[in-house]
Amino acid sequence: WSPALRLQASDMAVGATSEIILTLPLIAGVAASVGVAVLSPLKAGAADLDRSAIIWLNVSAGGDVRSATLSLTNHHAPPDGQRSASTSQKFRVNAREREVSLSIFVDRVVIEAFAMGG
């Protein structure tokens, strides 16, 4: 199985914002994980992941309640692009949940990520 990916993005020639919406299916007793690279500069026609901001959503196999972590790492963070910055937030997912939604908003250099509508 694979995550259902839906991308809603403005025309980058017109604006500099995009919204990425992912739905990560959950299977009872199975851990799940998905990663997304944003603000990836192109290098020889392909995304340069080493210079991207990486967003990870990890959900444990769990029991009655699963633990989950949403994290973001930017290896070329402002103000000078020469440092790394990262943040993460833990949350719980009820075992009855069949999926976890992830919304990512990118507006120029600002990145926001929200899981499960939060």
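A contact is counted here wherever heavy atoms lie within 4.5 Å. By that criterion, and leaving aside residues up to four places away in sequence, Leu 57 touches Leu 24, Ala 32, Ser 33, Val 34, Thr 69, Leu 70, Phe 91, Val 100 and Leu 102. The model is a predicted one, in which local features need pLDDT of at least 70 and side-chain atom pairs count only at pLDDT 80 or more, while totals for chains, interfaces and linings use all residues. Residues are numbered from 1 along each chain as its sequence is written, and side-chain values use heavy atoms, with hydrogens and water left out.

The chain has 10 strands and 0 helices, taken as DSSP runs numbered from the N terminus (strands: E, at least two residues; helices: H or I, at least four). Confidence is expressed as pLDDT, the predictor's score for each residue from 0 to 100. Its mean over the chain is 79, with 72% of residues at 70 or more. Strand β6 (residues 53–59) has the highest mean, 91, and strand β1 (residues 4–9) the lowest, 53.

Of the 118 residues, 28% are buried, meaning under 20% relative accessible area with a 1.4 Å probe, protein chains only. A nonpolar core is a set of buried Ala, Val, Leu, Ile, Met, Phe, Trp, Tyr and Cys residues joined through side-chain atoms within 4.5 Å. The largest such core holds 22 residues, and Leu 57 belongs with Val 38, Ile 55 and Ile 104 to those touching the most other members. At least two residues of this core come from each of β2 (17–25), β3 (32–38), β6, β7 (65–77), β9 (99–107) and β10 (110–115).

Definitions and conventions. Buried < 20%, exposed > 50% of the residue type's maximum accessible area, 1.4 Å probe, protein only.
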